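Trainee: I am new to this one and would like a close look at a single part. Please take the place where the chains meet, and keep the answer connected.

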Number of protein chains: 2
Amino acid sequence: VAIETILWKGGVLQIIDQTLLPETCRHIELSDAAAVWEAIKSLRVRGAPAIGICAAYGVLVGVRERQPATQQAFLSALAESADYLATSRPTAVNLFWALDRMKCAGLEAAAELDPAARFARLEREAVALHEEDRQLCRAIGKHGAGLIREGDGVLTHCNAGGLATSAYGTALAVMYAAQEQGRRFRVFADETRPLLQGARLTAWELREAGIDVTLICDNVAAQVMKEGRIQLVVVGADRIAANGDTANKIGTYGVAVLAHAHGIPFYVAAPYSTFDPSLPDGAAIPIELRDAEEVTRGFGRNTAPDGIAVYNPAFDVTPAELIAGIVTEQGVLRAPFGESIGGMCRGEGGVL
Amino acid sequence: VAIETILWKGGVLQIIDQTLLPETCRHIELSDAAAVWEAIKSLRVRGAPAIGICAAYGVLVGVRERQPATQQAFLSALAESADYLATSRPTAVNLFWALDRMKCAGLEAAAELDPAARFARLEREAVALHEEDRQLCRAIGKHGAGLIREGDGVLTHCNAGGLATSAYGTALAVMYAAQEQGRRFRVFADETRPLLQGARLTAWELREAGIDVTLICDNVAAQVMKEGRIQLVVVGADRIAANGDTANKIGTYGVAVLAHAHGIPFYVAAPYSTFDPSLPDGAAIPIELRDAEEVTRGFGRNTAPDGIAVYNPAFDVTPAELIAGIVTEQGVLRAPFGESIGGMCRGEGGVL
């Protein structure tokens, strides 16, 4: 998978502007923190891990913009940039995790007397976080690949692919790894209203990778399950609470209920940075509400009456009891998730 | 509700072109059977009862086009027009029911010696069928109104409103009648991909009627149920088998599964012409598959990769066991539906 969702080269930050896909695959430059904030807010870059990586580079760009000469100025620039970027989107915890990592790295970097050395040290952290994500995705794929058997039908919702991460993805990493192991299977991609990440991104990405993919409207998911065409569901996550309750793109909860009703196992795939053990359960996860216009004029043309009331939450929370397993870089977590997640967060390993 | 979905005046057939809604509410003239066929096929007129009415007038227009001088020519023109219109859409049984009624009326009309008298008799049947639908819709509303209590949240899918019938609707008739009885409630309208009948038609129609309506993407239905905001679901139907299995717009089955999982009663509203007692169950209902382009470029802009595989069934079948009741013009049918539907079809009444 050759997609470079996020690029940092010679001090220049570039991202694929995902709002232009699938018609145009173009990298745009984000030259200041405001541009990074806007890119995250308007979903030019999206997907919990990718948001985290982009925000880490955003801190870099924000600090550089302020040209801090002193250590104090450096720390202020760091805090301001991170706090500002934290306001871009509320649900994905990877955003806050990445910003925290940059702040901690910045505290160490501040020890350097030379401004260039301080910046270089901060830059190393962002690059390390970016590279680490590649490894996490590969490991998730490796651990999850066995879930997909020859001839299976796999349903996914939204895009938890290379475009949602550094490369390779989380839910789609499982598919890419199963493909590398030589298995053939068919993916049904929910188009994922209102912003059609499934149609625009997942269908595009899987086809580019040579995986058999069929696009369906969100409301066809129940029907393909009923027809016996789905053997498992795999989705990504934006935040996972200590008990396993999982926030992901709106519609995921419904898919999980439908999978349960049809006896189909429902899996979540996510790296450790998506877990938020500070939250006991999903009730405490903040859910972003987005503009009505995403629903009423998302296709260019007005598709609903002007000024109509719209309820447009960007995410929902799937209760842990509907989740068969959580595929992480350390293995597949199983119920009871309170224990398996606790064990992983404490570094006890052995989760497979 | 002043919407005139279908008009027949001075021998001119007009329909609201529903593909232009909500931006433009315009009547277009259908001057020959081919225009009627195209209008049904491309959903300028849609909704099982409205398709039936339009097809009845289509037979009239088709017979007139052929200017049959003899009784034999009249019967041929009748059969040809009806057979042709029957190929427009396969799922809604009201279409075939209306065509059968016109054929039977035509057999009687053929007894007239004067061509104008033959035509006038056929015309009376179409007009009667049209007027009858108004009465059916009012009666459905009356019988179903009590299902909606003060303060309820009601979810509906697609459009089973005035635009789907002569006026007033089936599922929406229940809401209009509850409103007339002075109750306040909130409707959540699924937008209903791919053709957005919920967003374009239901939201528009309910707002015009002064009913509190909130538009949601299809994949938000599970979430509003989980939030406790839905007390009942009411939808229309395209065909109901002898055991109560109900074909309706794609996505209805999923809504029914979700309602069941949340303990929310799920109702179907439909007149007798939607029942097909010749089919023992839903497995025998033919499901129309429609073009990929409805999904990939439905609203102007390309929203999926060119040539991507798409599965786009127009309908699905909800099993009777997920249905709390079927609101008909004779009352609310309850399980066991085999008996209550059989009783209604045999004219035994007493279904309330």
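How many residues does the contact take from chain A and from chain B?

Mentor: This is a predicted model, in which local features need pLDDT of at least 70 and side-chain atom pairs count only at pLDDT 80 or more, while totals for chains, interfaces and linings use all residues. Residues are numbered from 1 along each chain as its sequence is written, chains are lettered from A and ligands numbered from 1 in the order in which they are written, and side-chain values use heavy atoms, with hydrogens and water left out.

The contact (heavy atoms within 4.5 Å) takes 54 residues from chain A and 55 residues from chain B. Between them the two chains bury about 4,400 Å², and 62% of that is on carbon and sulfur atoms. Buried area here is the accessible area, taken with a 1.4 Å probe, that two parts lose on being put together, summed over both. On the side of chain A, the residues that lose the most area to chain B are A:N219, A:F299 and A:Y311, together 17% of what that side buries.

Next come the polar links. The rule finds 22 residue pairs in polar contact across the interface of chain A and chain B, both residues being at pLDDT 80 or more. A polar contact is a pair of N or O atoms within 3.5 Å; within protein, one must be able to donate a hydrogen and the other to accept it, and residues adjacent in sequence count only if both atoms are side-chain atoms. The side of chain A that touches chain B divides into 28 nonpolar, 14 polar and 12 charged residues. In this division Ala, Val, Leu, Ile, Met, Phe, Trp, Tyr, Cys and Pro count as nonpolar, Asp, Glu, Lys and Arg as charged, and the others, Gly among them, as polar.

Side chains of opposite charge can pair when their charged atoms come close. Two salt bridges (a side-chain nitrogen of Lys or Arg within 4 Å of a carboxyl oxygen of Asp or Glu) are found across the interface of chain A and chain B. In a salt bridge of 2.5 Å, N to O, the side chain of B:R193 meets that of A:E191. Several elements of chain A each supply at least two residues to the side that touches chain B, among them α7 (197–208), β6 (212–216), α9 (252–261) and β13 (315–318). Helices (H or I, at least four residues) and strands (E, at least two) are DSSP runs, numbered from the N terminus.

Strands also pair between the chains. β6(A) pairs in the parallel sense with strand β12 of chain B, residues 309–310, over two bridges; two strands pair if DSSP finds at least two bridges between them. Opposite A:L215 stands B:V310 in β12(B).

In chain A, four strands form an open sheet in the order β11-β8-β9-β13, with mixed pairing. β11 (275–276) and β13 of chain A each have a single partner strand and stand at the edges, so one side of each is left without a neighbour in the sheet. Strand β9 (residues 246–249) of chain A runs antiparallel to β13(A), and four bridges join them. A:A247 has A:V317 in β13(A) opposite. α9(A) packs on the sheet, touching β9 and β13 of chain A, and its direction makes about 35° with that of β13(A). Axes are lines fitted to C-alpha atoms, for helices over the stretch in contact, and angles run from 0 to 180 degrees between N-to-C directions.
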